[in-house]
Amino acid sequence: MQDLMPTIWFCVVAVMVAVYVVLDGFDLGAGILHLSIARTDSERRAVLASIGPVWDGNEVWLLAGGGTLYFAFPALYAAGFSGFYLPLMMVLWLLILRGISIEFRNHLDHTVWAPFWDTVFCLASALLAIFFGAALGNVVRGVPLDSSGYFFLPLWTDFTMGREAGILDWYTILIGIAAFLTLAEHGALWVALKTEGPLESRARQAAARFWWFVVGAVFLITIASFRIQPHLGESFRDRPWGYIFPLLAIAGLIVMRSRKALHAFLGSCAYIIGMLTSVVFGVYPLVLPSDGDPALSLTIRNAAAPGYGLEIGLIWFIPGILLAACYFVYTYRSFAGKVRA
Amino acid sequence: MDALTVHRFHFAFTVTFHYLFPQLTMGLALLIVILKTIALRTGNEHYNKAARFWGKVLAINFAMGVVTGIPMEFQFGTNWARFSKAAGGVIGQTLAMEGVFSFFLESSFLGAFLWGEKRLGPKAHWLSAFLVFAGSWLSGFFIIATNAWMQYPSGYRLASNGEILLTNLWQLLLNRWIFWQYLHNMIGSVVTASFVMASIGAFYLLSRTHEAHGRTFVRIGVVAAFLGCCLMLFPTGDQQGKNIAYYQPPTLAGMEGLFHTQAGAPLAILGQPDLEAKKLDNPFTVPNALSFLTYRRWKAEVKGLTDFPRAWWPDNIPLLYYSYHIMVGLGTIFIAVMAVAAYLLWRGKLYGSRPMLWVLMLALPFPYIATTAGWMTAELGRQPWLIYGILRTAEGSSARVSAGNGLFTLIGFMGIYGVLAILFLFLVHREIEHGPEA
């Protein structure tokens, strides 16, 4: 029973991260495809209009999820954020560039101004997708935690998983590419849902083409992940009910082929949620595995804040997040339908 | 530079730059609610136009505040890992509450306020403006709660392993420190916003464009700034000073440049603290005033720095002293300027008084300087502690992040924020040039 509170908050953080990836994921995906599927100024305005009123709120899930992680698992927040110092700082810079490129692009109607911000938007979105994927890869692979519960990883060493690992090795890059493909697909389905005309049909074509790459990537990362992190296999063997998560991802992949734009997009949401929940189910009860001595791993037990804070936290968190859900329903309902640039 | 200095400068630089934007948006959100309320009551489209104009300025500032705000939360973990590990169970609560209760609210209704006027109708649009105001002021509350806990820790217990355990959420959220610090900070934000409004209004009147709006901006700006400046001094500034006197007495001595304990302590108006000789050079003081302001007795004893162990002295006393004196000095000048402006407004002479309009226009940067100096006073005054009396700043930084890696990202932030500053000035300048009729 002493694991109950940490487990609840583990699930809360996992759900918040999944919601973040689903929501901001289509903003990033739209950014990745921005230059290639939107060719004219009015098409690019349409892509931006399809995320304009929601991207900021979507990003709040990252902040709120980060804050929740902070108070529920302070030791994980401290170790993870300082250990992944350089890539996290780069993520911050990219989030800044992505945000201002969306907000400032349409302030000026000029042939030099707009294409510049379009390019910044595209590059920042693409790199963010890869970085987020690589971060997830690091959590699965494990990091060299020391006996004080900290680590520090350089960006890369020799791209192998030897003694002197870096944040980027062949496995984390593979996950980064898979994340890039997944979010590009997700963004294409969103743009297809929200726009019309040639832009919509180009988004549909991109989604249809990317789907095969996504399936290939899922196949590769599944094999690689189970090989390099044996704990994943043990989790599924010990608690077979967990297979519902990968099944959700597979069902999502199938529904993504639907001709109906809304169904396809929801399929993509299910696929992303299924993939992320499979990972956290497989990693649980670890929150940050050690790549050496398993005793040094951070778990829900040794990383969680003590009881009172977690219990009182539930009392304000539940009404707070329900309220936030109401705002989101309101925002997305008032933003329903196709956008006009 | 050693790693600790890099981490301190990293946070100081990013937070100082960040707070240039929320200090305007929180106060401006209130002024926009006032404009929208007048518009709703009178049905006068003039005030809706004014609200729309300030909405555009708000939007640019808000975007800047959002993108520079995210690094603040991250830095607790990246640069201050040992602090986060020890205190995350406490201050993580307030930071998570900020995300859940205010950011979702703000981000949802800012869009409705900026783009939804036609669709929503006047009442719902007023409500969206009000909710943006409420969200931003709630956000301010949770951040002040976090800082207030670091200044005046309460509702906690120390565990044997050095971890700090939350024992009472209400003491974390409601205590005597947070109350005055919150009011002082939020009214400071109203002062900044009203100075900016009056300044742009004065600029329009002086350049004889958008004069009807210029008069509105000057009128609302001057009245709000005058009220705000008075409240900054009394009771909020006064009470905050008392809190420091009682709970951080070495900080008070450092702020005032008081080296030796004395009855009837003087208030230093000017002078340079000399740490070697332990005295104030070139002092210009008001006798007994510090004793009176602190304890309401002219002959009360105020403790000087030499009565405290050196390990409790703030580690940069000259900078603390100057920050505090710049804040108080500017605050005093603000009251005088706005009193004259308010008098001229009352006599119906302000709009034609070009010298006064020049003063109002040129006053724009000074509330930003005063606010920044005020925060420097709070943060330098808390040193050498990160959590007052519990955790020293030197024990809170990330042990595994080297000075070299920290400097790399500090330089990166300086570059990006330099570009952001130029973009910001350029875009705001364009909005002011287009004016409220555009």
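How many helices and strands does the secondary structure of chain B come to? I looked this up and noted 14 helices and 8 strands for chain B, taking helices (H or I, at least four residues) and strands (E, at least two) as DSSP runs numbered from the N terminus.

Before going on I noted that this is a predicted model, in which local features need pLDDT of at least 70 and side-chain atom pairs count only at pLDDT 80 or more, while totals for chains, interfaces and linings use all residues. Residues are numbered from 1 along each chain as its sequence is written, and chains are lettered from A, with ligands numbered from 1, in the order in which they are written.

**Chain B as a whole.** I checked the radius of gyration, taken over C-alpha atoms, against the globule rule of 2.2 Å times the number of residues to the power 0.38. For 438 residues a compact globule would come out near 22 Å, and chain B has 23 Å, which agrees. The C-alpha trace of chain B spans about 60 × 50 × 40 Å along its principal axes. I found 52% of the 438 residues in chain B buried, where buried requires 20 or more other C-beta atoms within 10 Å of the residue's own, exposed means 12 or fewer, and partly exposed lies in between, with C-beta atoms placed from the backbone.

I noted B:Phe284 as the bridge partner of B:Leu270, and B:Leu280 as that of B:Pro273. Between the two strands lie 4 residues, and in this hairpin B:Lys278 takes a positive phi near 55 degrees.

**Chain A as a whole.** I recorded 13 helices and 2 strands for chain A. A compact globule of 341 residues would have a radius of gyration near 20 Å, and chain A agrees at 20 Å. The C-alpha trace of chain A spans about 55 × 45 × 35 Å along its principal axes, and 57% of the 341 residues of chain A count as buried.

**Helix H10 of chain A.** The buried residues of H10(A) are A:Ala249, A:Gly252 and A:Leu253. They lie on the same side of H10(A) because they cover an arc of only 100 degrees around the axis, the arc being that of the directions from the helix axis to the C-beta atoms. The face turned away from that buried side carries the exposed residues A:Leu247 and A:Ile254. Among what covers the buried residues I listed helix H8 (197-228) and helix H11 (261-283) of chain A.

**Where the chains meet.** I counted 50 residues of chain A in contact with 47 residues of chain B, contact meaning that the C-beta atoms, placed from the backbone, lie within 7 Å. On the chain A side, the elements that give two or more residues are helix H3 (55-72), helix H4 (74-83), helix H5 (85-104) and helix H13 (307-334).

How values were computed. Two residues are in contact if their C-beta atoms, placed from the backbone, lie within 7 Å. Two strands pair if DSSP finds at least two bridges between them.
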